[in-house]
Amino acid sequence: MKVLFHLGHPAHYHLFKNVIKKMQENGHQSLILIKEKDVLRNLLEDSGFNFQNILPEGKSVGKIGLVKDLFKRGRRIISFCKEHEPEVLIGTSPDISYVGKFLGIPAINVQEDDAEVVPLHAWIAYPWATEILSPDSCDNGRWQDKTLTYPGYHELAYLHPDHFEPNRDIVSKYLNPDEPYSVLRFVSLNAHHDDGIKGLDDELAGKLIEILRPKGRVIITSERELKPEVEKFRKPVKPSDIHHVLAFADMVIGDSQTMSAEAGVLGTPYIRFNDFVGKLGYLNELENKYELGYGFKSDQPEQMIDKVKDLVNEQSKNLFKNRRDDMLKDKINVADFIYDYLVNQKYNK
């Protein structure tokens, strides 16, 4: 079987890497297309997978640039498909949906954000997709009828215990895993669906550092520039190592959806601070049903700080490990699910 995987974000590499590996081990062919985004290309280069970058120049600026890039990527994917003739397209990008429809190739859109939160994506991608794969906690609105749901999260395609075991030796390249430390994560919040969304600023980061430092080391990973007094806590971590660092952390605080969920499924307490709080079904479930993390909106800085103080003063790692175990009893190995779905052609053609 020949499958084209389209990756548009570092998290999408992790989502599909074990599926791609299993396909190759079982004699199937995986074609990988990416667009330039953060450390995505670095992850692919480290992986040893063959891939092609269809947008090496990076994305254009503004809403007009967004439309231009949509057509630019579409033309390049169509050209690639005509040359390599994949049997099915899969990914999180809207591009594969309309390309698949145009070429008559089944196109599977994989998404865990509720349609209401990513309306532009849903409007472009879902009408043309053959099928949508989403966690059962995700609400795809008017497209729910063409959604195949599963009990899991994207993060369980790569952080499920079947695939991932935290390694202290990897963490020791950056810090002592046996000593307490916390991770602060800042994202750029500049995607089209981030309009009007606020997260952590440098002033609030400084307050968090003051609270956390007496209890252990503080390290920062960030997609954006920081003020000097905060920047000095930045710790460059190889993208392929970051999950090991998260696994041994005492706490993860940030404005990233993905890294919050990653910490949660690893059993590391997380605090998420941005205006997506309350809007995403899978994170609501992690926070409200399994209590693996806490979400606060940008107008709740004092409540967020109070929760940080509570967690700092609690010995909570064992509690959160038990909560993680409860979550895993309810969830599946998502990589194996996607592999079986593709290889046994369970999509609705």
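**Reading burial and packing**

Analyst: Let us begin with a single side chain in this predicted model. E287 has a relative accessible area of 10% and is therefore buried, the cut-off being under 20%. The residue belongs to helix α11, which spans residues 281–289.

User: Which residues does E287 touch, leaving out those up to four places away in sequence?

Analyst: E287 touches Y270, R272, G293, Y294 and G295.

User: Where is D95 placed, and is D95 buried or exposed?

Analyst: D95 is in helix α4, residues 94–103. Its relative accessible area is 0%, so D95 is buried. Beyond neighbours within four places in sequence, D95 is in contact with H6, L70, R73 and I77.

User: How do the axes of helices α1 and α2 cross, and which residues make the contact?

Analyst: The axes of α1 (residues 10–25) and α2 (residues 40–47) come within 8 Å and cross at roughly 30°. The crossing of α1 and α2 is right-handed. On the α1 side the contact is made by P10, Y13 and H14, and on the α2 side by L40, L43, L44 and S47. By class, the residues of this contact are five nonpolar, two polar and no charged.

User: Let us turn to strands. In what sense do β8 and β9 pair?

Analyst: For strands, the general idea is that side chains in a regular strand alternate between the two faces of the sheet. In the present case, β8 (residues 181–186) pairs with β9 in the parallel sense, over six bridges. Within this pairing, S182 has V218 of β9 as its bridge partner.

User: Why is strand β9 described as largely enclosed?

Analyst: Strand β9 covers residues 217–222, and five of its six residues are buried, so the rest of the structure largely encloses this strand.

Conventions
Residues are numbered from 1 along each chain as its sequence is written. This is a predicted model: local features need pLDDT of at least 70, side-chain atom pairs count only at pLDDT 80 or more; totals for chains, interfaces and linings use all residues. Side-chain values use heavy atoms; hydrogens and water are left out. Helices (H or I, at least four residues) and strands (E, at least two) are DSSP runs, numbered from the N terminus. Buried means under 20% relative accessible area, exposed over 50%, partly exposed in between (1.4 Å probe, protein chains only). Contact means heavy atoms within 4.5 Å. Axes are lines fitted to C-alpha atoms, for helices over the stretch in contact, and angles run from 0 to 180 degrees between N-to-C directions. A crossing is left-handed if the near helix is turned anticlockwise from the far one by less than a right angle, and right-handed if clockwise. Ala, Val, Leu, Ile, Met, Phe, Trp, Tyr, Cys and Pro count as nonpolar, Asp, Glu, Lys and Arg as charged, and the others, Gly among them, as polar. Two strands pair if DSSP finds at least two bridges between them.
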